[in-house]
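Here are some notes for a colleague who is opening this structure for the first time. Please read them with the model in view.

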Amino acid sequence: MKTTVIASLTLIASAGLSWAGAPEGKEVYTAMCQICHGPNGEFKANMAKMLNATIPPLASKEVQAKTDDQLKQVILKGQGKMKPVSGLTEKQAADVVGFLRTMNAAPPTDAPKIDRSKVKFLLAFCSKGTMYDNNAVQRTVDGIVASEIDLSQDVTAMQLLQMGTTFAQETCPSPYPFGSISVSLTLGDPAKFTDVKNFIPPGQVYGSTKGAGNQLEWNSYTNIPRATRETRIQQIRGAAQAKQREAVLEEQRQAEQRKQSEIAARSSGFVKANGVAHFVTAEQLAANPFVYQGQVVAIYGAFEQMISATQGLFSSQDKRFVVSGIPTARFTQTGSIVMLAGRVVGNIEIKVPILGPTLVPHLSFVGSAFCQQQGCSEYAINLR
Ligand code: HEC
């Protein structure tokens with residue numbers, strides 16, 4: 001699936017080439033031409049539609065191939081769907097032509113700044129080529145560009161191609177004049193790409209050069225249409241997000257596992273320390289404490305009050321039970337949730353307001369632990 005827009009341009013990528021154009025021409029251009037042709041001559045799609053015209057990019061070969069005089073004629077006399085631009089002096093027309101000529105030289109100074117940390121170039125190979133002569137050198141540079149960089153902008157793509165070219169020149173020094181340099185760019189995370197071998201040639205933005213010495217002349221590049229690029233970005237982002245979601249889920253699973261094994265360890269520690277035979281609920285114990293008589297059970301409840309110095313009253317799910325033989329000052333706060341280990345004695349009678357004398361289960365104290373969680377769930381009493 002390679003839907004590409006082919007644009008041709010000529011780009012002199014030599015070091016030391018000045019980006020300054022014809023400043024007066026630029027002023028004229030901004031005032032009189034930009035509205036239809038865009039700041040970089042790349043043409044405005046909505047304007048082309050409105051005028052029902054095809055407007056070639058002003059940096060394109062077909063426009064640049066025209067002589068200065070021909071361009072001046074277009075401006076002063078009009079051509080096709082373009083009406084003559086009125087009110088321009090000969091000098092202004094010449095200036096603006098001068099400015100048009102700078103469009104093919106290099107990106108304008110107001111081109112978007114590219115954060116270099118978001119671009120990475122890898123040199124795929126650097127070899128003697130055979131395109132022109134036996135001494136020619138071919139260099140292939142692959143570039144990874146952070147996905148937020150807008151490759152669909154011609155100016156940005158050109159800047160990146162130029163960066164790739166510079167990279168090739170610096171990284172692959174050679175006594176030979178080179179035959180060609182090709183640069184291909186893809187979107188991705190620059191930090192992740194460290195090896196050319198891991199690079200999947202994308203053919204998304206492609207530049208190739210020919211020339212001699214450092215007089216590079218870009219003869220073609222392929223840029224991706226915005227829609228394709230946006231789909232690609234969404235794919236990259238979507239994959240990253242899915243990974244992140246999976247990581248969060250995995251973290252949750254592991255946390256839950258840790259919690260469960262902590263509960264198991266705490267629970268079995270309590271069982272071991274106190275010789276617990278069963279975990280029971282107050283309800284189970286109240287129905288028939290004699291089943292467990294003489295055995296040590298683990299039961300949780302809220303401490304209500306001490307009935308005597310060593311006897312305490314506890315409750316759980318509306319059921320009460322009494323524990324005897326409690327060490328002094330073990331329980332001092334009404335409402336404390338407690339995990340108790342106690343040997344089942346049987347029943348004992350307590351006086352309950354309104355109900356009067358009531359039989360409740362009776363345990364003799366073996367051990368206890370204070371709980372933080374509702375229902376002492378950190379001891380997994382409910383799981384039994
Ligand atoms: C009202 C919109 C509009 C304005 C303003 C305008 N142009 Fe154009 N221009 C067009 C259209 C439409 C075309 C395509 C003409 C055609 O149909 O061939 C075009 C084409 C061109 C071409 C390419 C000619 C070719 O086919 O090789 C050049 C060069 C050009 N314009 C320069 C300028 C300059 C310089 C200015 C300002 C001084 C300017 N234009 C102002 C609409 C405009």
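1. Of the 21 residues around the ligand, C33, C36, G80, K81 and M82 come nearest, where a residue counts as near a molecule or strand if its C-beta atom, placed from the backbone, lies within 6 Å of it. By class, this shell holds 16 nonpolar, three polar and two charged residues; Ala, Val, Leu, Ile, Met, Phe, Trp, Tyr, Cys and Pro count as nonpolar, Asp, Glu, Lys and Arg as charged, and the others, Gly among them, as polar. Helices α2 (34-37) and α5 (68-77) each supply at least two residues of the shell, with helices (H or I, at least four residues) and strands (E, at least two) taken as DSSP runs and numbered from the N terminus.

2. Please keep in mind that this is a predicted model, in which local features need pLDDT of at least 70 and side-chain atom pairs count only at pLDDT 80 or more, while totals for chains, interfaces and linings use all residues. Residues are numbered from 1 along each chain as its sequence is written.

3. Helix α5 also packs against α6 (residues 90-102), at an angle of about 120° and with the axes 9 Å apart; the axes are lines fitted to C-alpha atoms, for helices over the stretch in contact, and angles run from 0 to 180 degrees between N-to-C directions. The two helices α5 and α6 are therefore oblique to each other, given that angles under 35 degrees count as roughly parallel, over 145 as roughly antiparallel, 65 to 115 as roughly perpendicular and the rest as oblique.

4. Strand β9 (residues 312-316) pairs on two sides of the chain's course: four bridges join β8 (residues 296-306) to β9, and five bridges join β9 to β10 (residues 319-324), both pairs running antiparallel. Two strands pair if DSSP finds at least two bridges between them.

5. Finally, I55, found in the loop between α3 (45-50) and α4 (61-64), is buried, with 20 other C-beta atoms within 10 Å.

Definitions and conventions: Buried ≥ 20, exposed ≤ 12 C-beta atoms within 10 Å, placed from the backbone.
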